[in-house]
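Reader: I am new to protein models and would like a close look at one residue. Start with what it touches, then lead me out to the rest.

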Amino acid sequence: MTGKNISPKNFADDAFSVLSDPLMQKVYTAYDNVSASMREYLNGDGFLEYKSILMGPVTDPGIRGSKQVTVDYYGYEYKMMSSAILYKQLLTAARKKAGGEGKIYFFADNIRLEPTETANTDRHLAEFIQVDIELADTDHHGAMSVAEGLLTHVCKSMKHHEKELSEIWGAFSEEAEVRGLEKRTEIRVPKTPFKRYTHKEAVDELISYIDSNPEALKEMEKRFGFKPKELNHKTEIHWEYEWLLSSINKDPFFVYDYPKGSRGFYDREYDDKKGVLMDFDMLFPGGYGEAASGAAREYEHSRIIARMKETGEKLDKYRWYLEFLKAHGIRTAGFGIGLERTVRYICGLPSIYMALPCPRIPGLLSP
Amino acid sequence: MPKNFLGKKTDYPVREIMERARKGRKSIYPFSNEKSKFSIYGASMEHTGKKFFTLDNIVITPPQFTPKRLEKAIELIGREPIYHDVDLSSRIGGFRAKMPLVQASMGSPDDWNKVAPFSARACAESGIIAGIGENITTTWGYSSRVNSTQPSFYDRSMAYLENTAEEYGGLVIQQNEEDAYDELWNRIYSDKKFDEYIQKGMVAFEIKGGQGAKAGMGGEKVVDRATALRLKQKYTIYPDPEHVIADSYERHSAPDIFTEEILENRIKKLKNDYPRVKIWFKTGPYRDLGDVIRIAAGAGADNITIDGKEGGTGMSPSVALNDVGIPTISCMKAIASAREKGVTVSMVSSGRMTGGGDMVKSIALGASGIAMGRPFLIASYAYSHAEHFIERELYNYAILKNISSRIAKPDKRSITFVKNMIESIETEAKLLIASVGKYRVSDLSREDLGTGSKELSGLLGIKYIYE
């Protein structure tokens, strides 16, 4: 089997043939290695791992356009976790209060019924693992330091597996190139600190790149099937530009200080810069796009309530969370790094569903 | 008028006080059987209309000289322009509509829900925009019906979307906090069955910032015990159905909370999160309406719907119908002022609009179109055997309920009734616009209106007709 032959349909029609393929087994082994090296780094840095929480009375509502899954919990409606964000703040504050460092993480199972249009982005799944990390007494820059340390460590560990990985790279290289991804031939161990663009600098960089390379617009149109939207400083960087920014970078990098309006209520707004959030994305180079997303958290319940109303939330749903913040809220920051996205990057996979056995591809019915 | 103990008539509200004494908190809603408290979805309360001006205080004033009629004749070559040459097609809130009439976003009341799919289909076939109000999914189910005789949210949506033609019209869907509990908008946005229509740009999400008949108040409904138990997790129910056995329960939903910043950011976030649908904002008869329009327009709302205090309601306290909020005419003033300041956003006005006259007056004052609710309900029930109930006990809230239960199965004739009503409004509007010598709806302006009130003339900048 080569990478070319694998399609979402294979998982629906004959999952066993895909799963038992030696090449795919190498991918699943890399997945295991990446997980182990993440745990090794985090445990070595004083983080405590908590068991993933699967359901609760409320989950993260800040996920653009995706639907939560409701379960009947003894006659009450519970939600499957779309992210562990609310629990991260709770458990970090609790650990700190008990005398610990206040550093925690989950290998969090996340379920999000993404819009079916995301089936073609190559990086959305309806079920995936996010390594969800939170630490006390710091801001988004502190969280970025952990993120770059973690990714660098994963690259170092995976450098030892280059021989097995090279078979995967070879098998998928043609298809990866078609999807606008850099061909992988080695593991580059990045140097820290990573480059950090503010959102404004990133947009400016894109504008000047397109000025001197106008053919990039055509390339984006070919890659995404629609005319690129207008670039501006006020909104999230759209997928097509994020891909371009990722493509023109050789090493992982950060974009931070996004404008408000695109993120959940828990990303903290600067006290002295209205409309700017203390948040960041970490991006892979070579067109692989977003790796992680994080922020300094809002932890004052009055500010959270105002932000919740901006997103039209019903406050009653969040009573436990608001009461906790009022009594025990502390300054924390954190991020979630996509495990499958990291595996995709390391293995040079054209699409994210290839990283998982039994993937949940938005809208596809498969075992 | 009640009599006092000396047998003399008095205007002191003796009956109302007795009503309070007998029924407690139930007496504050106009569904009691007392003759003194009539209401058809909020209309015909005894004091309403006497306190303030309405659109009825305005007349349409055709001129003798009609240069645009001459222009039209030149365009038509060899034919006198008449009313059917008037082009009513409009762009409202990001949609194309055959005429500037919107079926207002009406929600979950039993009798309306039952006929809503017929009305929706009539709107779609007539090429007008239609709204779907709040609480429908939580009350009647998303796609599978909670009650076999009551259409689900999906039934109502598809009755509209599957019957539109030539991409005229649009479906405007509300989500209040309780619907947000079920993530209605996310559900629609990731639902394959809606995808085609979202792709075509035929769907809008409408934030509900208010309603004419209950400014500053949340949604109220009376439900039975089984429903009360089912809804307990999402609504405030009084009395507690788990501990108190009563023949009815009040279902309250909270009014949403806004500050200037919250409104601005809410609109921006929705535009960011749901880039393929239009974002509408519905507001009510608030004293700070000018600021509301400025902020919603600035944040990029595709449409602002402004519901005056005479607007309809499934259920509101009588005191709200009588004494709360600014009237539709004041809302029109806010629209006119916004236009003077250069605000170009689409604005739809509503609040006791019933015909082509209301449409023409509102648009001449600056609205992009009008929305109506109750006329669609009443038209849907225009069966001949319904008539004598309506005539006999005119406009008691309970009576319409009675009608809907006697006509257990409203049928496709409702579609014809609603289409007939729309057609009559269309013709009326065309006659009126042609009468002022204009042939495009956007040519209407304040010069086409007059009033017998000096006060109103000064307020709205329209001509005083006795001069």
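**One histidine and its surroundings**

Author: His153(A) touches Ser37(A), Glu40(A) and Tyr41(A), leaving aside residues up to four places away in sequence. Touching, or contact, means heavy atoms within 4.5 Å. His153(A) sits in helix H5 of chain A, residues 140-159. Helices (DSSP runs of H or I, at least four residues) and strands (runs of E, at least two) are numbered from the N terminus. Now step along the chain to Ile168(A), 15 residues apart from His153(A). The C-alpha atoms of these two residues are separated by 21 Å.

A word on the ground rules. This is a predicted model, where local features need pLDDT of at least 70 and side-chain atom pairs count only at pLDDT 80 or more, while totals for chains, interfaces and linings use all residues; side-chain values use heavy atoms, without hydrogens and water. Residues are numbered from 1 along each chain as its sequence is written, with chains lettered from A and ligands numbered from 1 in written order.

Stay in chain A and look at its helix pairs. Take helix H4 (residues 85-97) and helix H11 (residues 319-328) of chain A. Their axes come within 11 Å and cross at roughly 30°. An axis is a line fitted to C-alpha atoms, for helices over the stretch in contact, and angles run from 0 to 180 degrees between N-to-C directions. H4(A) and H11(A) are therefore roughly parallel to each other. Under 35 degrees counts as roughly parallel, over 145 as roughly antiparallel, 65 to 115 as roughly perpendicular, and the rest as oblique. Which residues meet between H4(A) and H11(A)? H4(A) brings Leu86(A), Tyr87(A), Gln89(A), Leu90(A), Ala93(A) and Lys97(A). H11(A) answers with Trp320(A), Tyr321(A), Phe324(A), Leu325(A) and His328(A).

Helix H8 (residues 215-224) and helix H9 (residues 239-247) of chain A make another pair. Here the axes come within 10 Å and cross at roughly 120°. H8(A) and H9(A) are therefore oblique to each other. On the H8(A) side, the contact uses Ala216(A), Leu217(A), Glu219(A), Met220(A), Arg223(A) and Phe224(A). On the H9(A) side, Trp239(A), Glu240(A), Tyr241(A), Trp243(A) and Leu244(A) take part.

Most residues other than glycine have a negative phi, and most peptide bonds are trans. Yet a cis bond joins Thr192(A) and Pro193(A), with omega about -5°. Find Pro193(A) in the loop between helix H6 (162-178) and strand S7 (195-198) of chain A.

Cross over to chain B. At the interface, 27 residues of chain B are in contact with 31 residues of chain A. About 2600 Å² is buried between the two chains, and carbon and sulfur atoms give 48% of it. Tyr181(B), Lys269(B) and Asn272(B) supply 23% of the area that chain B buries against chain A, more than any other three residues. Buried area is the accessible area (1.4 Å probe) that two parts lose on being put together, summed over both.

Now the strands of chain B. Strands of a sheet pair through backbone hydrogen bonds, either parallel or antiparallel. Two strands count as paired if DSSP finds at least two bridges between them. Eight strands of chain B close into a barrel with parallel pairing, in the order S4-S5-S6-S7-S11-S12-S13-S14. Neighbouring strands of this sheet are turned by 25° against each other on average, direction ignored. Zoom in on S4(B), residues 101-106, and S5(B), residues 129-132: three bridges link them in the parallel sense. Val102(B) has Ile129(B), in S5(B), as its bridge partner. Helix H3 of chain B, residues 110-126, lies across S4 and S5, running at about 155° to S4(B). Helix H14 (residues 356-364) of chain B packs on the sheet too, touching S4, strand S13 (346-350) and strand S14 (369-372). The direction of H14(B) makes about 135° with that of S14(B).

Chain B has an open sheet as well. Three strands form it in the order S8-S10-S9, with antiparallel pairing. S8 (220-223) and S9 of chain B stand at the edges with a single partner strand each, so one side of each lacks a neighbour in the sheet. The twist averages 25° from one strand to the next. S9(B) and S10(B) pair in the antiparallel sense over three bridges. There, Ile237(B) has Arg251(B), in S10(B), as its bridge partner.

Last, two loops of chain B. A cis peptide bond joins Tyr238(B) and Pro239(B), with omega about -10°. Pro239(B) is in the loop between strand S9 (236-238) and strand S10 (249-252). Ile77(B) has a positive phi, near 55°, though it is not glycine. Ile77(B) lies in the loop between helix H2 (67-76) and strand S2 (90-92) of chain B.
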